[in-house]
Amino acid sequence: MSLVTSLIYRRRHPVLGRLMRELLALYGMEVPPAAEIGPGLQVFHRGFGTVLHPFTTLGADVTLYNGVTIGRADPWVPQQRSAMERVVLEDGVVVCAGAKIVCKHGVLTVGAGTVVGANAVLTRSTGRNEIWAGVPARRVGFRGAPADGTESTALATNPSSPAV
């Protein structure tokens with residue numbers, strides 16, 4: 001377990017929690033005590049610039065890269081009046097460098113095994129084992145076989161995008 005991951009898990013400690021959160025701040029990370037973090041979290045590149053909203057739930061084996069933001073799409077509205085309820089990243093989700101996951105209303109759920117690409121801006125819930133990229137993010141493929149059980153390549157291409 002990396003030092004940063006260790007600090008994240010200890011941020012709720014009744015006596016040392018504040019110190020742990022201040023040490024995370026030295027890495028430019030903000031992980032509030034209210035954020036729920038499952039086992040097996042991996043944080044790459046020390047998570048520089050990563051910010052999680054207090055109403056965030058990370059499942060087991062989630063991977064976060066640097067510069068990730070998970071939060072509200074309406075930061076100008078006082079928290080009590082925001083329509084956002086929670087952002088949930090299910091088990092095995094990978095959020096690449098610079099990606100933003102912002103919830104406008106209700107619960108935004110990123111399905112198990114989903115990958116959110118670098119610098120993507122995800123504003124809606126996803127299915128399982130999908131690959132999302134772009135601004136705003138859209139599904140560009142599947143990780144392994146798609147959820148409907150049909151055959152697929154590791155990365156299904158979007159018919160509206162040019163071939164590479």
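**Salt bridges and their surroundings**

There are four salt bridges in the structure, a salt bridge being a side-chain nitrogen of Lys or Arg within 4 Å of a carboxyl oxygen of Asp or Glu. Side chains of opposite charge can pair when their charged atoms come close. The model is predicted, and local features need pLDDT of at least 70, side-chain atom pairs count only at pLDDT 80 or more, while totals for chains, interfaces and linings use all residues. Residues are numbered from 1 along each chain as its sequence is written, and side-chain values use heavy atoms, with hydrogens and water left out.

One of the salt bridges joins the side chains of E22 and R18, at 3.3 Å from N to O. Both residues belong to helix α2, where they are four residues apart and so separated by about one helical turn. Helices (H or I, at least four residues) and strands (E, at least two) are DSSP runs, numbered from the N terminus. As for accessibility, buried means under 20% relative accessible area, exposed over 50%, and partly exposed in between, with a 1.4 Å probe and protein chains only. By these limits R18 is exposed at 56% relative accessibility, whereas E22 is partly exposed at 40%.

Another salt bridge is formed by R86 and E36, whose closest N and O atoms are 4.0 Å apart. Because R86 lies in strand β7 (residues 84-89) and E36 in strand β1, this pair ties together parts that are 50 residues apart in sequence. R86 is partly exposed, with a relative accessibility of 22%, and E36 is also partly exposed, with a relative accessible area of 39%.

A further salt bridge links D74 with R72, and here the closest N and O atoms are 3.3 Å apart. What is the accessibility class of D74 and R72, buried or exposed? Both D74 and R72 are buried.

The structure holds two aromatic pairs; rings of Phe, Tyr and Trp (its six-membered ring) pair if their centres lie within 6.5 Å, and planes under 30 degrees apart count as stacked, over 60 as edge-to-face and the rest as tilted. F44 and Y65 make a stacked pair, with 5.0 Å from centre to centre and 20° between the planes. This pair links distant parts of the chain, 21 residues apart: F44 is in the loop between β2 (42-43) and β3 (51-52), and Y65 is in the loop between β5 (63-64) and β6 (69-72). F44 is partly exposed at 32% relative accessible area, and Y65 is partly exposed at 26%.

Finally, the strands. Two strands pair if DSSP finds at least two bridges between them. Four strands form an open sheet with parallel pairing, in the order β3-β6-β9-β12. Its edge strands, β3 and β12 (121-122), each pair on one side only. Strand β9 (residues 100-103) runs parallel to β12 and is joined to β12 by two bridges; I101 has L122 in β12 as its bridge partner. Strands β13 (residues 130-133) and β14 (residues 138-142), in contrast, pair in the antiparallel sense over four bridges, and I131 stands opposite G141 in β14. Their hairpin has four residues between the strands, and G134 takes a positive phi near 100° there.
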